[in-house]
Amino acid sequence: MKKLILSLFMIALALPVLSQDRVELDEVLIKASKYKYLNQAGSEDVAIPVAELQEKVANYDVEKADFYHDDYDLYKVTFYIPEGKVLAAYDSYGNIIRTAEKYKNVNLPMAVKTAVLKRFPNWEITKDVYLVNYYYKKGATKIYKLKLENGDKKLRIKVNEAGEIQ
């Protein structure tokens with residue numbers, strides 16, 4: 001009797017699962033276009049405020065903005081923090097087309113510090129400006145403009161992210 005009741009109970013549980021229709025879904029294509037920006041404009045050695053602002057730019061959804069309208073092909077959005085600003089251009093689908101970024105007095109990457117110290121041993125970095133220009137098709141260019149001082153002498157140089165002085 002126990003086996004019969006247990007068997008009926010198991011059949012009752014299995015019937016709804018077997019009666020469901022199988023539906024095939026269309027293929028879904030997932031594009032990570034904003035991660036292209038993060039991979040090219042950001043780096044592991046970049047200052048924390050820069051990385052946080054770049055992440056905000058990448059995660060911004062232009063389609064949810066109050067000013068969004070289907071008729072426009074280009075949207076320019078500016079992001080500000082005390083250390084810098086980013087002017088980002090988005091297409092009508094929310095993809096980042098290009099950015100112009102400028103940050104002042106951020107923590108320099110070790111490659112930049114090492115290159116400057118090696119080439120200018122008695123000089124001190126008094127000011128720095130970090131510039132990033134990202135284009136969807138070309139990638140990103142990153143330049144550090146540095147002001148060096150050694151007593152009364154002043155010098156301005158440009159260094160790329162790899163530490164190559166230009």
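Me: Leaving aside its neighbours within four places in sequence, with which residues is Gln-54 in contact?
Reply: This is a predicted model, and within it Gln-54 is placed in helix 3. The residue is buried, because its relative accessible area is 2%, under the 20% that sets the limit for that class. A polar atom of the Gln-54 side chain lies 3.4 Å from the backbone oxygen of Ala-41. Once the neighbours within four places are set aside, Gln-54 is in contact with Tyr-37, Leu-38, Ala-41, Gly-42, Glu-101, Tyr-103 and Val-132.

Me: In what order do the elements of the protein run from the N terminus on?
Reply: The protein has four helices and six strands. Written from the N terminus on, the order of these elements is α-α-α-β-β-β-α-β-β-β.

Me: Leaving aside its neighbours within four places in sequence, which residues does Phe-79 contact?
Reply: With neighbours within four places in sequence left out, the residues in contact with Phe-79 are Leu-53, Lys-56, Val-57, Tyr-60, Gly-84, Lys-85, Val-86, Ala-88 and Tyr-90.

Me: Within what arc do the buried residues of helix 4 fall, seen down its axis?
Reply: In helix 4 (residues 110-119), the buried residues are Val-112, Ala-115 and Val-116. Seen down the axis, these buried residues line one face of the helix, because they fall within an arc of 95°.

Me: Which strands are included in what covers the buried residues of helix 4?
Reply: On the other side of helix 4, Met-110, Leu-117 and Lys-118 are exposed. The cover over the buried residues of helix 4 includes strand 4 (124-135), strand 5 (139-150) and strand 6 (153-160).

Me: How far from Asp-128 is the nearest side chain of opposite charge?
Reply: Asp-128 has its place in strand 4, and a polar atom of its side chain lies 3.1 Å from the backbone nitrogen of Val-106. Leaving aside neighbours within four places in sequence, Asp-128 is in contact with Tyr-103, Lys-104, Asn-105, Val-106, Leu-108, Lys-145 and Leu-146. Asp-128 is buried yet has no salt bridge, and the nearest side chain of opposite charge, that of Lys-113, is at a distance of 9.1 Å.

Me: Is Asn-105 buried or exposed?
Reply: Asn-105 has its place in the loop between strand 3 (96-104) and helix 4, and it has a positive phi of about 50° although it is not a glycine. Because its relative accessibility is 51%, over the 50% limit, Asn-105 counts as exposed.

Me: Which residue meets Glu-161 in a salt bridge?
Reply: The count of salt bridges comes to two, one of which joins the side chains of Lys-147 and Glu-149 at 3.9 Å, N to O. In the pair that holds Glu-161, the N to O distance is 3.2 Å. This pair links distant parts of the chain, 19 residues apart, with Glu-161 in the segment after strand 6 and its partner in strand 5.

Key: Residues numbered from 1 in each chain as written. Predicted model: local features only at pLDDT ≥ 70, side-chain atom pairs only at ≥ 80, totals over all residues. Heavy atoms only, no water. Contact = heavy atoms within 4.5 Å. Buried < 20%, exposed > 50% of the residue type's maximum accessible area, 1.4 Å probe, protein only. Helix = DSSP H or I, 4+ residues; strand = E, 2+ residues; numbered from the N terminus. Arc of directions from axis to C-beta. Lys, Arg positive; Asp, Glu negative; His and termini not counted. Salt bridge = Lys/Arg side-chain N within 4 Å of Asp/Glu carboxyl O. Polar contact = N/O pair within 3.5 Å; in protein donor to acceptor, adjacent residues only side chain to side chain.
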